[in-house]
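Here's a quick briefing to read alongside the model. Have the sequence and the 3D view open while you go through it.

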Amino acid sequence: MLSVQHVSGGYSGKAVLKDITFGVEKGELFGILGPNGSGKTTLLKMLSGILPFQAGEILIDDKRLKEYSPKQLAQKVAVLSQHSSQSFSYTVKETVSLGRYAHQRGLFQTWSDEDEAVVQRVMQHIGVSTLQNKNIQELSGGEKQRVFLAQALAQEPEILLLDEPTNHLDLSYQKELFDLLKQWTTENHLTVISIFHDLNLAGLYCDRLLLLEKGVIKVNREPNEVLREETIRAVYRTNIHKFPHPKVAAPQMALLPERQKSAQLVVIQEGMLQQADELIFLKSPVPLRTMSSGVIGSGTGWYQAFVNRHVDKDYNCSDFRQDMADFLRKNGFEPSETVGMMTAVTLEDVEYQVFETDGFSLFAVVTAGVGNAVDASKSELHTFEIVPGTINTWVFVNGDLSEEAFIQSIMTATEAKVKALHDLQVVDEVTGTIATGTSTDSILVAATQTGMALDFAGTITPLGKMISKAVYQCTIKAIQKSQKRKKACSAII
Ligand SMILES: Nc1ncnc2c1ncn2[C@@H]1O[C@H](COP(=O)(O)OP(=O)(O)OP(=O)(O)O)[C@@H](O)[C@H]1O
């Protein structure tokens with residue numbers, strides 16, 4: 001569709017762009033990235049025919065850009081520039097209608113039924129129909145931006161060039177705009193070439209990205225290849241972390257602020273654990289990086305409050321997440337900042353201890369009952385029935401864990417729990433074999449992310465050794481306490 005071949009050029013004979021070569025296919029959503037002054041707008045101006053280039057060739061549908069008349073070019077290419085503005089007092093509809101210029105025929109450029117239909121359709125699509133009789137000067141920045149987009153689309157171009165189109169748009173219009181453009185590329189085969197400063201938006205919507213650095217192409221590939229930490233760090237000269245979008249397969253980038261020297265060094269310890277009527281909780285003075293399987297706050301995140309809620313053995317609620325959120329609010333916790341778990345175990349039987357070694361420490365908290373113990377190797381013999389978790393394991397680490405260490409911590413803690421059940425000969429009552437856990441156990445690993453860097457947590461690493469010991473010992477003691485209570489209860493009965 002579009003082919004840029006060895007293009008160089010700029011202003012007053014000075015080459016801003018040097019030997020640029022790339023192609024864009026029909027129906028692609030193609031992003032142009034680069035730091036300030038790297039030449040993005042200059043490139044867009046050359047593609048739109050506004051700025052002549054000194055060397056090379058630009059072809060649209062195999063025809064040289066220079067061979068298109070302005071009207072022919074306007075039927076192929078529409079531009080939404082960064083500073084779209086107009087000083088005349090046109091209405092919205094009149095402004096959008098200007099986009100039809102390239103399609104009007106004859107000496108008097110008469111307005112056809114088709115022109116009217118296109119303008120109405122486009123205004124409808126972009127959501128500006130209700131504004132059509134308003135004066136453009138009366139609109140907000142975001143509304144104006146949408147009107148100019150409607151004008152560009154009314155041109156019915158095959159290629160749409162956008163210079164940072166989300167400049168004036170709030171979050172929901174940014175999403176709406178790119179959802180719409182994506183739809184036009186797939187359904188109407190519109191080719192979209194857009195400049196982005198927002199790497200995440202580009203990563204989310206573009207089929208391909210071209211990254212410019214000082215007027216040359218650094219890389220031109222799929223978003224996942226272009227948005228690499230080392231590439232972005234080098235080109236933008238800033239510290240950045242790449243992570244996957246939580247809901248779709250798209251790369252995202254997070255800025256990493258410099259850590260303040262005065263940042264509070266917090267140590268999670270016994271004194272922070274508190275017990276109330278129906279819950280055990282720990283409130284950290286700072287958010288902790290967590291990985292957990294809580295009813296609320298599961299997955300990875302940053303949380304400041306940790307709650308283990310006691311529920312009755314027969315607890316049965318169809319919307320247990322909502323129920324937990326209500327419970328947390330009632331008890332003064334903000335659900336979005338809390339990891340919340342449930343247990344049917346008597347909370348007095350909680351077992352906790354601080355473990356220390358050179359350079360770091362951890363605090364383990366375990367509630368364990370084995371009423372619904374299961375042997376994982378034979379769990380298919382069980383019917384599916386949700387019974388509140390009976391072994392809830394919390395591991396707070398006063399250290400700086402890698403992602404790998406978080407996952408290994410969960411493995412190591414699980415292995416230690418399994419061994420505790422094995423050594424106590426806890427039996428799965430359905431299969432009659434030694435149990436490996438209970439059917440709804442939960443785990444939390446939370447770290448301060450300050451102090452010693454702990455990259456690994458496999459069983460024989462320093463962190464792994466400490467987790468193994470802590471979880472094993474606390475689980476044994478917690479199970480023994482709960483078994484003792486059970487025995488005492490049955491003796492009374
Ligand atoms: N009209 C102009 N006359 C002379 N030099 C210009 C002109 N427009 C831009 N430049 C220069 O060309 C270089 C590239 O500018 P350009 O606007 O293409 O960068 P950009 O990547 O779009 O930057 P930004 O992200 O800041 O919008 C810059 O050094 C700029 O100063």
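**Strands, helices and the ligand shell**

Serine 8 stands opposite alanine 55 in strand 4. Before going further, note that this is a predicted model, where local features need pLDDT of at least 70, side-chain atom pairs count only at pLDDT 80 or more, and totals for chains, interfaces and linings use all residues. Residues are numbered from 1 along each chain as its sequence is written. Helices (H or I, at least four residues) and strands (E, at least two) are DSSP runs, numbered from the N terminus.

**The open sheet**

- Strand 1 (residues 2-11) and strand 4 (residues 55-60) run antiparallel, joined by five bridges; two strands pair if DSSP finds at least two bridges between them.
- These strands belong to an open sheet of four, with antiparallel pairing and the order 2-1-4-5.
- Strand 2 (14-24) and strand 5 (63-64) are the edges, each with a single partner strand, so one side of each has no neighbour in the sheet.
- As a general point, side chains in a regular strand alternate between the two faces of the sheet.
- Helix 1 lies across strand 1, strand 2 and strand 4, and runs at about 65° to strand 2.

**The ligand shell**

- Around the ligand sit Tyr11, Val16, Gly34, Asn36, Gly37, Ser38, Gly39, Lys40, Thr41 and Thr42 (C-beta atom, placed from the backbone, within 6 Å).
- Helix 1 (residues 40-47) gives the most to this shell, with three residues.
- By class, the shell has two nonpolar, seven polar and one charged residues. Here Ala, Val, Leu, Ile, Met, Phe, Trp, Tyr, Cys and Pro count as nonpolar, Asp, Glu, Lys and Arg as charged, and the others, Gly among them, as polar.

**Helix 4 against helix 5**

- Helix 4 (residues 113-126) packs on helix 5 (residues 141-154) at an angle of about 140°, with the axes 9 Å apart. Axes are lines fitted to C-alpha atoms, for helices over the stretch in contact, and angles run from 0 to 180 degrees between N-to-C directions.
- From helix 4, Val118, Val119, Val122, Met123 and Ile126 meet Arg146, Leu149, Ala150, Leu153 and Ala154 of helix 5 (contact means C-beta atoms, placed from the backbone, within 7 Å).
- Sorted by class, that contact has nine nonpolar, no polar and one charged residues.

**The hairpin**

- Strand 9 (residues 208-213) and strand 10 (residues 216-221) pair in the antiparallel sense over five bridges.
- Leucine 212 has isoleucine 217 in strand 10 as its bridge partner.
- Two residues lie between the strands of this hairpin, and lysine 214 takes a positive phi near 50°.

Definitions and conventions
Contact = placed C-beta atoms within 7 Å.
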